[in-house]
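Take a look, then read on for the main points.

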Amino acid sequence: MSTVSTVSSTPVIGVLALQGDVREHFAALAAAGAETRTVRRPEELAEVAGLVIPGGESTTISKLALAFGLMEPLRARVRAGLPVYGSCAGMIMLADKILDPRAGQETVGGIDMIVRRNAFGRQNESFEAPLEVRGVEGGPVEGVFIRAPWVESAGARAETLASYDGHPVAVRQDALLATSFHPELTGDHRVHALFVDMVRDAAV
Amino acid sequence: MVQSYFYRRVRSYVSTPSSVPSAPSGGSAPSAQAPATGTARVKRGMAEQLKGGVIMDVVTPEQAKIAEDAGAVAVMALERVPADIRKDGGVARMSDPDMIEGIIEAVAIPVMAKSRIGHFVEAQLLQALGVDYIDESEVLTPADEVNHSDKFAFTTPFVCGATNLGEALRRISEGAAMIRSKGEAGTGNVVEAVRHMRQINNDIGRLKSLDGHELYAAAKDLRAPYELVREVAELGKLPVVLFSAGGVATPADAALMRQLGAEGVFVGSGIFKSGDPAKRAAAIVKATTFYDDPKIVADASRGLGEAMVGINCDTLPEGERYASRGW
């Protein structure tokens with residue numbers, strides 16, 4: 001992967017921009033010390049040292065990734081150790097398995113877990129609650145859960161970083177990080193800073 | 001993120017959690033605080049998740065499944081698409097609850113539904129039915145010629161139409177969490193959507209050029225709250241997500257609205273009044289994501305069959321122009 005920028009204190013991190021709250025992740029990553037790029041094509045994926053899969057509609061993101069030949073390149077780079085952070089729909093995309101997938105819905109996979117979509121309910125049940133996240137110092141983060149998934153079950157290698165109502169809502173497995181909630185909507189960049197550090201560690 | 005006047009005001013309408021709690025949950029311990037629902041952040045944040053996507057009008061569960069399979073980010077449950085409302089005439093109202101529930105059960109993506117302007121009871125019913133977003137829509141026959149619904153009174157977020165910045169800000173001041181340019185629904189003619197998107201953009205551009213003294217008079221001219229006007233001048237955009245609606249019928253139409261600044265598109269009659277809805281729907285989804293890549297939009301535009309016939313907006317009598325409903 002000679003095209004990938006490696007050792008740098010300002011890592012180049014892409015945001016998968018097929019659909020979703022891309023701009024908010026750009027802002028959070030920039031505030032956390034990364035250089036950001038839009039990723040919609042395989043050649044753009046090859047240029048980044050880390051990737052964020054944003055919040056959005058997981059069925060839409062999955063279908064577009066398949067239609068434009070991104071799914072296999074994504075899987076290949078995840079297998080090769082690319083650090084990836086997924087929020088909400090991004091968490092679903094990083095799960096090895098969806099409990100109740102729609103017809104034709106595939107994931108990138110990488111984290112040994114089963115996720116339940118819209119587990120906390122419909123939009124009327126969307127909520128905010130403070131959340132202590134392991135590895136994020138300085139008090140709880142504001143958890144913003146929007147039609148959010150939770151982790152139904154996770155394998156031994158997936159470390160739970162936060163839970164809500166007894167369900168894991170933040171997990172990490174090696175260079176992969178996933179949250180049910182949306183730190184990109186809060187103006188608090190500590191979760192993104194954690195991910196930027198993971199990208200820096202992977203580049204060394 | 002800007003912690004604006006309205007942001008705080010919106011939060012003051014709900015059971016507010018303190019932003020720095022003292023007893024957070026950790027591990028599997030139960031949360032020390034009740035979760036806050038219906039906050040501005042979850043309402044506006046929901047719309048942020050729809051960006052770059054296509055929201056499609058559907059009238060049956062079967063159509064909803066076609067839309068979901070094509071990659072729609074949400075569906076709008078309707079009794080009749082706007083083209084048929086135009087053709088049939090009469091009073092257009094909120095849809096049958098059975099139909100809305102059937103669509104909610106058929107798909108996993110968010111389901112939106114329309115209430116009449118000012119008909120807050122229809123909105124209460126839609127909230128009770130569990131729809132994810134309420135469109136207080138000029139496509140239905142207005143129920144109140146003076147007042148729009150008080151959207152702060154609801155947990156379910158609202159999207160509203162606008163033809164210019166002042167109208168958009170008045171809707172936001174009433175609690176709308178998402179704005180769509182109105183266009184002229186049910187015509188298959190994108191000309192009004194373009195007009196309204198350009199108008200909103202031009203209004204925002206003008207605000208950005210004003211100094212602090214001038215913003216007060218600008219608020220008066222826009223007939224919108226000063227705090228919101230100042231926020232738009234500082235952000236250079238609306239404080240909520242802006243989609244385009246009303247007349248989008250082709251992949252190129254969708255890409256056009258995106259290039260003009262829409263963060264996503266609503267497609268009404270354009271899909272299910274066309275020759276091959278499934279193919280056209282998927283094509284519009286692709287064109288909305290790759291709106292700035294003419295080669296992909298061109299490929300998506302091939303072999304779609306008949307587009308909806310369309311109506312020239314300048315031949316519409318005044319009473320049939322939906323965009324003039326609402327104020």
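Helices α9(B) and α10(B) are roughly perpendicular to each other, a label used for angles of 65 to 115 degrees, while under 35 counts as roughly parallel, over 145 as roughly antiparallel and the rest as oblique. This is a predicted model, where local features need pLDDT of at least 70 and side-chain atom pairs count only at pLDDT 80 or more, but totals for chains, interfaces and linings use all residues. Residues are numbered from 1 along each chain as its sequence is written, chains are lettered from A and ligands numbered from 1 in the order in which they are written, and side-chain values use heavy atoms, with hydrogens and water left out.

**α9 and α10 in chain B**

- The axes of α9(B) (residues 214–222) and α10(B) (residues 226–235) come within 9 Å and cross at roughly 115 degrees; axes are lines fitted to C-alpha atoms, for helices over the stretch in contact, with angles from 0 to 180 degrees between N-to-C directions.
- Helices here are DSSP runs (H or I, at least four residues), as are strands (E, at least two), numbered from the N terminus.
- On the α9(B) side, Leu215(B), Tyr216(B), Ala219(B) and Leu222(B) meet Tyr226(B), Val229(B), Arg230(B) and Ala233(B) of α10(B), contact being heavy atoms within 4.5 Å.
- Those contact residues split into seven nonpolar, no polar and one charged (Ala, Val, Leu, Ile, Met, Phe, Trp, Tyr, Cys and Pro count as nonpolar, Asp, Glu, Lys and Arg as charged, and the others, Gly among them, as polar).

**α3 and α5 in chain B**

- α3(B) (residues 61–70) and α5(B) (residues 97–106) have axes that come within 8 Å and cross at roughly 35 degrees.
- Pro61(B), Ala64(B), Lys65(B) and Glu68(B) from α3(B) touch Gly102(B), Ile103(B) and Ala106(B) from α5(B).
- That contact has four nonpolar, one polar and two charged residues.

**Where chains A and B meet**

- Chain A puts 46 residues into the contact and chain B puts in 56.
- About 4100 Å² is buried between the two chains, with carbon and sulfur atoms giving 50%; buried area is the accessible area (1.4 Å probe) that two parts lose on being put together, summed over both.
- Arg122(A), Asn124(A) and Glu128(A) supply 17% of the area chain A buries against chain B, more than any other three residues.

**Salt bridges**

- There are 37 salt bridges over all chains (a side-chain nitrogen of Lys or Arg within 4 Å of a carboxyl oxygen of Asp or Glu).
- Between chain A and chain B the count is ten, and Arg147(A) pairs with Asp132(B) in a salt bridge at 3.0 Å, N to O.
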